[in-house]
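Me: I'm new to reading protein models. Could you go through this one with me, a question at a time?

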Amino acid sequence: MYFPPKHSATGTTIFTVMSALAQQHDAINLSQGFPDFHIDEQLSQLLFDAAQNGYNQYSPMAGLPMLRTAIATNFKKRYLIDVDPDTEITITPGATYAIYAAFTAVLQKGDEAIVLEPAYDSYIPNIEMNGAIAVPVALSAPDFKVDWNKVREAITPKTKAIIINTPHNPTGTIWEKDDWDQLAAIVRDTKIIVLSDEVYEQLVFEGQRHYSVLEHPELRLRSFALYSFGKVFNNTGWKIGYCIAPPALTTAFRQVHQFIAFAVNTPAQYALAQYMGNGNLAPVNILMQQKRDLFLKLLKQTPFTIYKPALGSYFQLAGYEQISDMPDLEFAKWLTQEYGVATIPISPFYSSKKDARLVRFCFAKKEETLELAAKRLQKIPRLQ
């Protein structure tokens, strides 16, 4: 039986592959980006209360009004920007879904969309499932900064969208204000739509700050900003995200959303709204920076090379040139099988499968998990 291909990706995602391999070999899973520690007990209790109090039926298509209001209040507090909860915020079943819905809202067959690589692996399949063409622009190790001349060269009359990601998965880099100004200058006088994947926006370290596309008055008018509660509150399995966009783009987004998911998990929305409304939440980046710092300290006792500490996200890149000259995918599988620590190779984040001999570790784990992983990594011999 023939099923026509919808995109160029083949097989299962690298995240599924490495997590399955970790389970098969009883390895410590530092590959996929999910925490292994409990969420705040208060948030758990609020989810229970929501079910007990009858929040068990469909929510409105755009999301519970109380959650959209809580998001708007939160953005006003943190970014000093006004967001209309009724016309600019849509709750979604996760940020990956929101990315797909945003692409679907604006892309047509034959359009082009620019992707800065290495990139989260759903971007290009999402573009291609809409009949559009992904145009990769490579970011180079070790700093993974944007070469704006390459972006300019990639734009054609068919360019309809560009997707960016800050803090960046998999590299942990963050955009500066100047990056947004550069992007604004490039898309000015065009009809290019910006998709800004900001799921790690509250996980920024070393006193740095996250610059959102919503803070740029010019870009905000043409942008979808996409977020994940799972990455903020360490509850990735709840799969609750949201999209913030100007009214015209929100209308287009909802026209897609209403015929795919329509409604999103109601008790989880209620719990998140109540939790955010408490007003005394600790900054979420403090805990994650402590974990990053611990992991960096532990990696110093291994043969891995750290070229640049992650400034945001759940992830730290590391080089393995002192261990092996294997391709990164082969190395990641070997490391899982032989030393019981699962990572993600970076080449699958490039459409060209560019291999910079780097792997991605997830440090959003319990201290004892990171320490046990480090003990295993310390046993790896260096190349002679």
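**A loop, some rings and a sheet**

Reply: Let's start with N130, which sits in the loop between α5 (123–129) and β4 (133–138). Helices (H or I, at least four residues) and strands (E, at least two) are DSSP runs, numbered from the N terminus. This is a predicted model: local features need pLDDT of at least 70, side-chain atom pairs count only at pLDDT 80 or more, and totals for chains, interfaces and linings use all residues. Residues are numbered from 1 along each chain as its sequence is written, and side-chain values use heavy atoms, with hydrogens and water left out.

Me: Is N130 buried or exposed?

Reply: Buried means under 20% relative accessible area, exposed over 50%, and partly exposed in between (1.4 Å probe, protein chains only). N130 comes in at 15% relative accessibility, so N130 counts as buried.

Me: Which residue has its backbone oxygen 2.9 Å from a polar atom of the side chain of N130?

Reply: Look at the side chain of N130, where a polar atom lies 2.9 Å from a backbone oxygen. That oxygen belongs to N126.

Me: How are the rings of F15 and F349 arranged?

Reply: Rings of Phe, Tyr and Trp (its six-membered ring) pair if their centres lie within 6.5 Å; planes under 30 degrees apart count as stacked, over 60 as edge-to-face and the rest as tilted. The structure holds 24 aromatic pairs. For F15 and F349, it's 5.9 Å centre to centre with 80° between the planes, making the pair edge-to-face.

Me: How far apart in sequence are the parts that this pair ties together?

Reply: F15 lies in helix α1 (residues 14–24), while F349 is in the loop between β11 (344–345) and β12 (358–362). Both F15 and F349 are buried. So the pair ties together parts that are apart in sequence by 334 residues.

Me: Which residue is the bridge partner of A113 in β5?

Reply: Strand β3 (residues 112–117) and strand β5 (residues 159–165) pair in the parallel sense over 4 bridges. In β5, the partner of A113 is A161.

How values were computed
A polar contact is a pair of N or O atoms within 3.5 Å; within protein, one must be able to donate a hydrogen and the other to accept it, and residues adjacent in sequence count only if both atoms are side-chain atoms. Two strands pair if DSSP finds at least two bridges between them.
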